[in-house]
Amino acid sequence: AEPPGGYVNIPDYGYYKYHPQKVTWLLAYFVCRAEHARLVILNSEGEAKSIAAKWKLPDSWAWIGTHDLFEEGCLCHTQQSNS
């Protein structure tokens with residue numbers, strides 16, 4: 001099956017999409033959910049480097065699926081089923 005529009009396969013890691021618009025973490029989260037996706041959860045340095053190399057990220061940063069919205073300094077992630 002073809003990936004949804006704008007998603008690219010990074011071998012050994014899966015499908016990713018980079019949105020270059022600068023938005024808040026919460027808006028980025030909702031955009032991903034609307035696409036039936038989630039903010040990236042980096043599982044290795046290799047995955048992080050592969051993603052950064054693919055898009056040559058100009059600011060060396062992007063929102064990821066970790067936050068402390070519920071309690072300052074208490075990090076949790078957005079890992080959820082896409083069903």
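Three aromatic pairs occur in this structure, where the rings of Phe, Tyr and Trp (its six-membered ring) are taken to pair if their centres lie within 6.5 Å, and where planes under 30 degrees apart count as stacked, over 60 as edge-to-face and the rest as tilted. The model is a predicted one, in which local features need pLDDT of at least 70 and side-chain atom pairs count only at pLDDT 80 or more, while totals for chains, interfaces and linings use all residues. Residues are numbered from 1 along each chain as its sequence is written, and side-chain values use heavy atoms, with hydrogens and water left out.

One of the aromatic pairs is formed by Tyr18 and Trp55, whose ring centres are 6.1 Å apart and whose planes stand at 35°, so the pair is tilted. This pair links distant parts of the chain, since Tyr18 sits in the loop between β2 (14-16) and α1 whereas Trp55 belongs to helix α2 (residues 45-55), 37 residues apart; helices (H or I, at least four residues) and strands (E, at least two) are DSSP runs, numbered from the N terminus. Tyr18 is partly exposed because its relative accessibility is 27%, and Trp55 is partly exposed at 23%, given that buried means under 20% relative accessible area, exposed over 50%, and partly exposed in between (1.4 Å probe, protein chains only).

Another pair is that of Tyr29 and Phe30, which is edge-to-face, with 5.5 Å from centre to centre and 65° between the planes. Tyr29 has a relative accessible area of 18% and is therefore buried. Ring pairs also join Trp25, Tyr29 and Phe30 into a cluster.

Together with Val23, Leu27 and Phe30, Leu26 forms a nonpolar patch on the surface, with about 340 Å² of accessible area. Such patches are made of residues with over 30% relative accessible area and no salt bridge, like charges being joined within 9 Å and nonpolar side chains (Val, Leu, Ile, Met, Phe, Trp, Tyr) within 5 Å. The areas come from the Shrake-Rupley method with a 1.4 Å probe, and for residues only the protein chains shown count as cover. After α1 comes His36, whose phi is positive, near 60°.

Side chains of opposite charge can pair when their charged atoms come close. The structure holds two salt bridges, a salt bridge being a side-chain nitrogen of Lys or Arg within 4 Å of a carboxyl oxygen of Asp or Glu. In one of them, Lys17 pairs with Glu35, the closest N and O atoms being 3.1 Å apart. Lys17 is partly exposed at 30% relative accessibility, and Glu35 is partly exposed at 23% relative accessible area.

A salt bridge also connects the side chains of Glu45 and Lys49, at 2.9 Å from N to O. Both residues lie in helix α2, four residues apart, about one turn of the helix. Glu45 is exposed, with a relative accessible area of 57%, and Lys49 likewise counts as exposed at 54% relative accessibility.

Strand β2 contains Tyr15, which is partly exposed with a relative accessible area of 46%. Leaving aside residues up to four places away in sequence, Tyr15 touches Pro3, Tyr7, Val8 and Asn9, where contact means heavy atoms within 4.5 Å. The C-alpha atoms of Tyr15 and Ala37 are separated by 9.8 Å, although these residues are 22 residues apart along the chain.

The whole protein has two helices and four strands, and from the N terminus on its elements run β-β-α-α-β-β. Of its 83 residues, 19% are buried. Among contacts between residues at least 6 apart in sequence, 57% join residues at least 24 apart. The accessible surface comes to about 6,200 Å², and carbon and sulfur atoms account for 57% of this surface.
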